[in-house]
Structure formats: structure tokens, C-alpha cells
Amino acid sequence: MKKIIEKDLLESISLTQDTIKNKLGIIQDIAESFISCLKKGNKIILFGNGGSAADAQHIAAELVGRFEKNRGPLAAISLNTNTSCLTAIANDFGYDNVFSKQIEALGKPGDIALGISTSGNSKNVLEAIKKAKHLGLITIGFSGKKSDDLSKICDLSFVAESSRTCRIQEMHIKVGHIICNLVELAIS
């Protein structure tokens, strides 16, 4: 077991080191877009499936509540949290539309739509990003090293350089926390 634990930790460290070496600029760009969006009175809209849904909720909660500092709430919402909306849209229009319909209802030009997909190929995330672009939202994707359509259509994209879902998710939440910290430092 210790060898498996060590292997997993070393793999995570390696991905973090790659992010430090190659991804600081994109993380800064995403943080700056969040800061600009929120300072203008717009909102951050986050969404994803499974573990990525949990990450969307987590990041939204850090912005609305607090990350580390007591401060006023920041406008962020996770589209995964309204089960009645999700199930009604899935039932009436198909699961591919569960996020795009909500983007259409809630998104305004200048808002940010952040789609999270470890594969970068989740159809409902891609459809929501396309709808967001059409409506004039800033689009951001968090994905992984798999076959990745998400990073190709977003204005800004963070790609965790791993093909293992667990490592990609670890890096997404790590980068999400860094962005929340930078936003909090700039806005509080």
C-alpha cells in the first residue's frame, strides 16, 4: 500500500510542478478575468458533471461565502444545485441541454461561464459554452489532457496535463483555490 500511496503522491506533485512551470500565465489570466467581471457587477456561472459538479459548487461557495477573508459576497452560482431545473430540462429537452438552458436564462454579456470537464468532451458542458459565447459571456474551460474539445472553444482554458480523472480533479480544485485567493486579495 505504501508504494501505491507514494506513487499517487509523486504523480500529484509532478502535475503540480508541470502547472508551476507551464501554466502560471493562464491561471493569472483567468484570475484577472474573474476580478474584472466581479468588479463590473457581473457574475461567475460554473457547471460540470460528477466530480466537476462538486468542484463548480465548491468554487462558487468560496466566492459567495468566503475563501480565507471575511468580506462581502461575490456573485457566483453553480448550475448543478437546482435539481428541479436539472431534471425538468433533462426530461423535456435532453441532458445535453441542462446547462445551456440555464445559461440562456441567467447569463448576461460580461458574465463568465466556467465549464469544468475532465475529458473536455462533455456534451452538456460544450453546449453551454457555445450558448454562453453566443450570448456574449466570457467563456472559460477547465479540462484535462484527454481528447479535449472544450479548450478549443473557450476564450481561456486551463488544461491539467494528466489523463487520470482523479489527478485532473485535484488540479482543478487547486487552481480554483488559487483563483479564489487572487480574487479575494484584489477585491477585499
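1. A salt bridge here is a side-chain nitrogen of Lys or Arg within 4 Å of a carboxyl oxygen of Asp or Glu. By that rule the count for this structure comes to 13 salt bridges. Please keep in mind that this is a predicted model, in which local features need pLDDT of at least 70 and side-chain atom pairs count only at pLDDT 80 or more, while totals for chains, interfaces and linings use all residues. Residues are numbered from 1 along each chain as its sequence is written, and side-chain values use heavy atoms, with hydrogens and water left out.

2. Arginine 71 forms a salt bridge with glutamate 184, and their closest N and O atoms are 3.0 Å apart. Arginine 71 sits in the loop between α3 and β2 (76–78), whereas glutamate 184 belongs to helix α8 (residues 165–187), so the pair ties together parts that are 113 residues apart in sequence. Helices (H or I, at least four residues) and strands (E, at least two) are DSSP runs, numbered from the N terminus. Both arginine 71 and glutamate 184 are buried; buried means under 20% relative accessible area, exposed over 50%, and partly exposed in between (1.4 Å probe, protein chains only).

3. Asparagine 70 is found in the loop between α3 and β2, and it is exposed, with a relative accessible area of 69%. From C-alpha to C-alpha, asparagine 70 and glutamate 184 are 9.4 Å apart in space, though 114 residues apart in sequence.

4. Glutamate 62 has its place in helix α3 (residues 51–64). Leaving aside residues up to four places away in sequence, glutamate 62 touches Phe67, Arg71, His177 and Cys180 (contact means heavy atoms within 4.5 Å).

5. Two further pairs deserve a mention. Glutamate 127 and lysine 130 meet in a salt bridge (3.6 Å, N to O); they are 3 residues apart in helix α6 (residues 123–135), separated by about one helical turn. Glutamate 127 is partly exposed at 22% relative accessible area, and lysine 130 is partly exposed at 45%. Aspartate 149 and lysine 152 form a salt bridge too (3.8 Å, N to O), with aspartate 149 partly exposed at 34% and lysine 152 exposed at 65%.

6. Now for helix packing. The axes of helix α1 (residues 2–22) and α8 come within 10 Å and cross at roughly 50 degrees. Axes are lines fitted to C-alpha atoms, for helices over the stretch in contact, and angles run from 0 to 180 degrees between N-to-C directions. That makes α1 oblique to α8; angles under 35 degrees count as roughly parallel, over 145 as roughly antiparallel, 65 to 115 as roughly perpendicular and the rest as oblique. Residues in this contact include Asp8 and Glu11 of α1 and Arg167 and Glu170 of α8. Asp8, Glu11, Arg164, Arg167 and Glu170 are linked in a network of salt bridges.

7. Helix α2 (residues 24–39) also packs on α8, at an angle of about 45 degrees with the axes 9 Å apart, and α2 and α8 are therefore oblique to each other. Among the residues that meet are Ile27, Ile30 and Phe34 in α2 and Val175, Ile178 and Leu182 in α8.
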